[in-house]
Amino acid sequence: MRKMLLITLMGLLSTNVLAGPIIEAYQCTLNEGKTLEDVNAMMATFSSMLKKAGLQDSFTAHVGFQQIPARANSVNWIGIWPTPTDYGKGMEWFTNTKDGQKFGALYQSVYTCETSFMTLVTASSR
């Protein structure tokens, strides 16, 4: 609950005037009995859901297994919202639609996250 409140507060305080995207990263562990195939299937479902909601240009997600240091059964999620407005659209979908809530249940069935962070990019080398 505390994380969701912080995320919502960040979204409310952000404006389109700021320099760049909002990036979220989660360090997670596969749930018992889950595999890379389950992660890939979850991502395919997520891609379809984003297209159905018209959010395919508002959010990009990447998943991968931790390599350095090597960690068994790890899943790292990196999400990128191009603008604070896109972030708001995504949070609206995720929290207030049946598909968003359905996806939340799906990813929680595949892996469990312990550590996360979110940052608003305010300057870049490009």
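Predicted model: local features only at pLDDT ≥ 70, side-chain atom pairs only at ≥ 80, totals over all residues.
I started with helix 4 and found Asp99, Gly100, Phe103, Gly104 and Val110 buried (buried is under 20% relative accessible area, exposed is over 50%, and partly exposed lies in between, with a 1.4 Å probe and protein chains only). Looking down the axis of helix 4, I see these buried residues within an arc of 145°, so they line one face of the helix (the arc is taken over the directions from the helix axis to the C-beta atoms).

Residues are numbered from 1 along each chain as its sequence is written, and side-chain values use heavy atoms, with hydrogens and water left out. Helices (H or I, at least four residues) and strands (E, at least two) are DSSP runs, numbered from the N terminus.

**More on helix 4**

On the other side of helix 4, I noted Lys98, Lys102 and Gln108 as exposed. I then asked myself what covers the buried residues of helix 4. The cover includes strand 1, helix 2, strand 3, helix 3 and strand 4 (contact means heavy atoms within 4.5 Å). I also checked the span: helix 4 has 13 residues and reaches 19 Å from its first C-alpha to its last, close to the 18 Å expected at 1.5 Å a residue (the expected span is 1.5 Å times one less than the number of residues).

**The sheet**

In what order do the four strands stand in the open sheet? I read it as 2-3-1-4, with antiparallel pairing (two strands pair if DSSP finds at least two bridges between them). Strand 2 (60-64) and strand 4 (111-120) stand at the edges with a single partner strand each, so one side of each has no neighbour in the sheet. On average, and ignoring direction, neighbouring strands of this sheet are turned by 15° against each other (axes are lines fitted to C-alpha atoms, for helices over the stretch in contact, and angles run from 0 to 180 degrees between N-to-C directions).

I followed strand 1 (residues 22-30) along strand 4: the two pair in the antiparallel sense over nine bridges. Gln27 has Thr115 in strand 4 as its bridge partner.

Next I turned to the helices on the sheet. Helix 2 (residues 36-53) lies across strand 1, strand 2, strand 3 (74-81) and strand 4, and runs at about 175° to strand 2. Helix 4 (residues 98-110) packs on the sheet too, touching strand 1, strand 3 and strand 4, and its direction makes about 120° with that of strand 4.

**Aromatic rings**

A reminder before counting: a pair of aromatic rings is described by the distance of the centres and the angle of the planes. My rule was that rings of Phe, Tyr and Trp (its six-membered ring) pair if their centres lie within 6.5 Å, with planes under 30 degrees apart stacked, over 60 edge-to-face and the rest tilted. The count came to eleven aromatic pairs. Phe46 and Phe59 have ring centres 5.9 Å apart and planes at 75°, so this pair is edge-to-face. Phe46 sits in helix 2 and Phe59 in the loop between helix 2 and strand 2, so the pair ties together parts that are 13 residues apart in sequence. Both are buried, Phe46 and Phe59.

Phe94 and Tyr107 gave me a stacked pair, 6.2 Å centre to centre with 20° between the planes. Here Phe94 is in helix 3 (residues 84-96) and Tyr107 in helix 4, so this pair also joins parts that are 13 residues apart in sequence. Tyr107 is partly exposed, at a relative accessible area of 21%. Ring pairs link a cluster, and among its members I wrote down Trp77, Trp81, Tyr87 and Tyr111.

**Helix 3 and Ser58**

I listed the buried residues of helix 3 as Pro84, Asp86, Tyr87, Gly90, Met91 and Trp93. Asp86 has a relative accessible area of 10%, and beyond four places in sequence it touches Ser58 and Trp81. Ser58 counts as buried at 5% relative accessibility. Leaving aside neighbours within four places in sequence, Ser58 is in contact with Ile80, Trp81, Pro82, Asp86 and Lys89. I also looked up its C-alpha separation from Gly90, which is 7.3 Å across 32 residues of chain.
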